[in-house]
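Keep the sequence and the 3D view open while reading.

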Amino acid sequence: MQKIKLGILGGGGDSLIGVLHRVASFINDNYELTGAVFNPNWEENIGFAEELGIPTNRIYKDFDTLIEEELKLPKEERIQVCSILTPNFLHFPMAKKLMENGFHVICEKPMTNTYEEAKILADLQREKGVVFGLTHTYTGYPMVRQMRHMIANGELGKIQKVDVRYYQGWINPIIHDKEKRSSIWRLDPEKAGISCCMGDIGTHAFNMVEYTTGLRVEKLLADLNYLYEDNKMDIDGNIMLHIEGGVRGILRSSQIATGEENGLAIAIYGSKKALKWEQENPNRLKVMSDSEPMQIYTPGHAYLSEFSLDGTKLPPGHPEGIFDSMANIYLGVARAIRNQNPRSGEYPTVIDGVRGLNFIESAVKSQKDGNVWVELDKQD
Ligand SMILES: NC(=O)c1ccc[n+]([C@@H]2O[C@H](COP(=O)([O-])OP(=O)(O)OC[C@H]3O[C@@H](n4cnc5c(N)ncnc54)[C@H](O)[C@@H]3O)[C@@H](O)[C@H]2O)c1
């Protein structure tokens with residue numbers, strides 16, 4: 001089968017997330033890296049392409065040139081899908097122009113800087129009929145897919161309580177130094193949007209709640225923490241959630257949880273069973289009930305759902321991890337581009353992006369209005 005021609009925007013040698021996308025796109029043999037703007041600085045941009053050993057004739061000086069030059073090529077030679085891996089404020093203009101010109105999009109979260117922009121992208125995606133994948137990376141883990149399957153299958157009974165937390169500590173050594181805290185884009189509202197902690201990682205936690213339970217968050221009450229007056233961006237917070245069907249939830253997220261690494265964890269308690277999963281130990285899903293000892297499900301076994309098994313490439317006991325999880329999202333997008341009808345949940349969509357921005361803005365509004373309940377929209 002012909003490989004899908006992939007373009008990459010951002011994700012240069014200096015970036016955090018670039019390598020995850022490049023490797024993920026390669027894993028299931030669906031994509032070929034065809035063109036890129038890895039970096040706004042030309043020397044670094046072309047230097048990185050040379051370092052990767054990829055042809056440099058389609059490394060462009062900037063995003064507008066990429067679009068202009070690619071459109072001059074016959075359709076069968078053109079980049080088909082672009083991954084947007086830049087700081088947040090560039091996601092919207094890039095995704096918009098890509099879709100307007102008929103390209104499919106893979107976009108990092110948060111999808112845009114504002115809720116308004118997110119809704120514009122959703123309308124455009126519907127109008128153009130292009131594929132839009134949002135890389136909420138953790139949805140690609142086999143055991144997360146198993147959670148979604150078991151809950152949809154009613155195995156937990158009625159969902160009663162959801163507890164999600166996402167704790168990191170990396171901002172702690174930065175936040176206490178005035179110069180340092182003004183030097184990173186994640187703490188600059190122009191570049192990151194109105195929230196740091198909830199925008200950067202709270203949005204993953206929020207997505208996990210809706211992705212695994214299949215239930216919408218209806219309203220929230222946030223208590224966000226900024227630590228310093230000159231810091232405009234939350235770096236920690238606790239949010240109470242009211243989820244449809246009368247379910248209560250709590251979302252805790254922090255970037256000043258000293259010593260924490262990438263501590264995303266979710267527990268979902270139903271009337272019959274409960275599930276517990278942790279990102280730092282992603283191949284162990286705890287299944288709990290009142291009547292039996294706790295069970296631990298692991299990937300690749302016949303007792304798992306087809307959806308979960310589809311996300312595993314090796315026999316049980318061969319640990320797969322975050323590269324494979326992202327690769328599963330790339331696989332879902334590839335199936336959608338090829339009209340192979342991927343299952344719901346194989347890749348997060350533009351609607352997850354809209355929900356994410358609705359969450360972020362509601363959380364900040366709740367805080368600014370004096371820690372009050374704020375209703376989320378019911379869009380779909
Ligand atoms: N899915 C996840 O779990 C996850 C994890 C980390 C980051 N992210 C998201 O990925 C995005 C990038 O984050 P990061 O930590 O890699 O950032 P980063 O600052 O480490 O890297 C950003 C990259 O974009 C490049 N860039 C900046 N402006 C550009 C432009 N105009 N044209 C082309 N390239 C440009 C930079 O040179 C750099 O290579 C953010 O939106 C972030 O929220 C997602």
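Pro-110 sits in the loop that links β4 (104-107) to α5. The bond between Lys-109 and Pro-110 is a cis peptide, with omega at about -15 degrees. Most peptide bonds are trans. The model is predicted, and the points below are grouped by topic.

**Backbone exceptions**

- Asn-341 is not a glycine, yet its phi is positive, at about 50 degrees.
- Asn-341 belongs to the loop between α12 (322-337) and α13.
- Most residues other than glycine have a negative phi.
- Gly-245 also takes a positive phi, near 85 degrees, in the hairpin of β8 and β9. That hairpin has 3 residues between its strands.

- The protein chain splits into domain 1 (4-137) and domain 2 (141-316 + 349-374).
- The C-alpha centres of domain 1 and domain 2 are 26 Å apart.
- Domain 1 gives 18 residues to the contact, and domain 2 gives 20 residues.
- On the domain 1 side, α5 (115-128) and β5 (132-134) are the elements that supply two or more residues.
- α5 provides the largest share of that side, with 6 residues.
- The domain 1 side holds 10 nonpolar, 6 polar and 2 charged residues.

**The 5-strand sheet**

- Which order do the 5 strands of the parallel open sheet take? They run β2-β1-β3-β4-β5.
- β2 (31-37) and β5 are the edge strands, and each pairs on one side only.
- Neighbouring strands in this sheet are turned against each other by 20 degrees on average, direction ignored.
- β1 (residues 4-10) and β3 (residues 81-85) pair in the parallel sense through 5 bridges.
- Ile-8 has Ser-83 in β3 as its bridge partner.
- Helix α3 (residues 63-72) lies across β1 and β2. The direction of α3 makes about 125 degrees with β2.

**The 9-strand sheet**

- This open sheet has mixed pairing and the order β13-β12-β11-β10-β6-β9-β8-β7-β14.
- Its edge strands are β13 (295-297) and β14 (373-375), each pairing on one side only.
- Neighbouring strands here are turned by 20 degrees against each other on average, direction ignored.
- β7 (residues 217-225) and β8 (residues 236-243) run antiparallel and are joined by 8 bridges. Asn-225 has Asp-236 in β8 as its bridge partner.
- β8 and β9 also run antiparallel, with 8 bridges between them. Leu-241 stands opposite Gly-249 in β9.
- β6 and β9 run parallel, joined by 7 bridges. Asp-163 has Ile-250 in β9 as its bridge partner.

**Packing of α6 against α10**

- How are α6 and α10 set against each other? α6 (residues 142-152) packs with α10 at an angle of about 50 degrees, and their axes are 7 Å apart.
- Angles under 35 degrees count as roughly parallel and 65 to 115 as roughly perpendicular. α6 and α10 are therefore oblique to each other.
- α6 brings Val-144, Met-147, Arg-148 and Ile-151 to this contact. They meet Tyr-211, Thr-212 and Thr-213 of α10.
- By class, the contact of α6 with α10 has 4 nonpolar, 2 polar and 1 charged residues.

**Around the ligand**

- Which residues come nearest to the ligand? They are Gly-10, Gly-12, Ser-15, Leu-16 and Ile-17, out of the 23 residues around the ligand.
- The shell around the ligand is made up of 10 nonpolar, 9 polar and 4 charged residues.

How values were computed:
Residues are numbered from 1 along each chain as its sequence is written. This is a predicted model: local features need pLDDT of at least 70, side-chain atom pairs count only at pLDDT 80 or more; totals for chains, interfaces and linings use all residues. Domain bounds come from an automatic or database domain assignment. Two residues are in contact if their C-beta atoms, placed from the backbone, lie within 7 Å. Helices (H or I, at least four residues) and strands (E, at least two) are DSSP runs, numbered from the N terminus. Ala, Val, Leu, Ile, Met, Phe, Trp, Tyr, Cys and Pro count as nonpolar, Asp, Glu, Lys and Arg as charged, and the others, Gly among them, as polar. A residue is near a molecule or strand if its C-beta atom, placed from the backbone, lies within 6 Å of it. Two strands pair if DSSP finds at least two bridges between them. Axes are lines fitted to C-alpha atoms, for helices over the stretch in contact, and angles run from 0 to 180 degrees between N-to-C directions. Angles under 35 degrees count as roughly parallel, over 145 as roughly antiparallel, 65 to 115 as roughly perpendicular and the rest as oblique.
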